[in-house]
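This report describes selected features of one protein model. Please examine the sequence and the structure shown here before reading on.

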Amino acid sequence: MSYDWIIDVLLWIAVVFLVGVYVSWRATRLDRLHVRVETARAALDAALVRRAAVALELAASRLLDPATSLLLATAAHEARTADAESREFAESDLSRALRAVADQPGFAAAVAARDDGKAVLEELAGAAAKVVYARRFYNDAVAAARIARRKLLIRVLPLAGKAPLPDFFEIDDDPPRL
């Protein structure tokens with residue numbers, strides 16, 4: 001009696017099982033990448049909101065002249081209230097406004113000489129640095145997710161589901177020199 005058909009069936013079952021495990025692993029990896037993108041985006045949003053809040057605090061602190069305060073407050077307000085389409089432009093404008101304020105001759109020395117000026121400058125420098133790091137981390141996560149989404153298996157089998165392809169967040173985030 002020949003049992004070759006049993007061996008063939010067992011081999012096919014093993015192959016189907018291994019393919020299923022591999023597809024499941026790829027789907028789980030893609031899901032983890034999307035979670036990483038969402039987490040990084042939340043951290044980036046928090047860093048951007050914090051930087052805008054610090055800029056508003058500096059504008060309202062009476063450490064600056066009225067024109068500079070108005071410029072900074074307007075840019076910070078625009079960054080906080082911008083919709084999704086214009087957010088990158090508004091955040092870039094805030095970066096440029098912060099640099100314009102900080103690049104004024106003697107700005108850092110004049111502000112640091114005031115009562116709580118040094119603390120405000122340190123807070124601003126920290127918030128600006130966090131934006132740089134958060135944006136890089138987010139864009140790295142987006143790049144990894146996009147690379148994974150380009151794989152043939154991911155495209156052939158709809159493993160990404162209805163999740164949108166994540167976009168990079170490109171802004172001028174050079175911190176002010178304080």
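## Two oblique helices

Helix 1 and helix 3 are oblique to each other, because angles under 35 degrees count as roughly parallel, over 145 as roughly antiparallel, 65 to 115 as roughly perpendicular and the rest as oblique. Their axes cross at roughly 40 degrees and come within 11 Å; axes are lines fitted to C-alpha atoms, for helices over the stretch in contact, and angles run from 0 to 180 degrees between N-to-C directions. The crossing of helix 1 and helix 3 is left-handed, a term used if the near helix is turned anticlockwise from the far one by less than a right angle, whereas clockwise is right-handed. On helix 1 the contact involves Arg41, Asp45, Leu48, Val49, Arg51, Ala52 and Ala55, and on helix 3 it involves Arg87, Glu91, Leu94, Ser95 and Leu98. Contact means heavy atoms within 4.5 Å, and helices are DSSP runs (H or I, at least four residues) numbered from the N terminus.

The model is predicted, with pLDDT of at least 70 needed for local features and 80 or more for side-chain atom pairs, while totals for chains, interfaces and linings use all residues. Residues are numbered from 1 along each chain as its sequence is written, and side-chain values use heavy atoms, with hydrogens and water left out.

## A buried and an exposed arginine

Arginine 51 belongs to helix 1 and is buried, at 2% relative accessibility. Buried means under 20% relative accessible area, exposed over 50%, and partly exposed in between (1.4 Å probe, protein chains only). Beyond its neighbours within four places in sequence, arginine 51 touches Glu91, Leu94, Ser95, Leu98, Ala127, Ala128 and Val131.

Arginine 62 lies in the loop between helix 1 and helix 2 (66-81). Arginine 62 is exposed, with a relative accessible area of 74%, and its phi is near 65 degrees, a positive value in a residue other than glycine.

## Aromatic rings

One aromatic pair is found in the whole structure. The ring centres of tyrosine 22 and tryptophan 25 are 5.9 Å apart and the planes stand at 35 degrees, so the pair is tilted. Rings of Phe, Tyr and Trp (its six-membered ring) pair if their centres lie within 6.5 Å; planes under 30 degrees apart count as stacked, over 60 as edge-to-face and the rest as tilted. Both residues lie in helix 1 (residues 4-60), three residues apart, about one turn of the helix. Tyrosine 22 is partly exposed at 44% relative accessibility.
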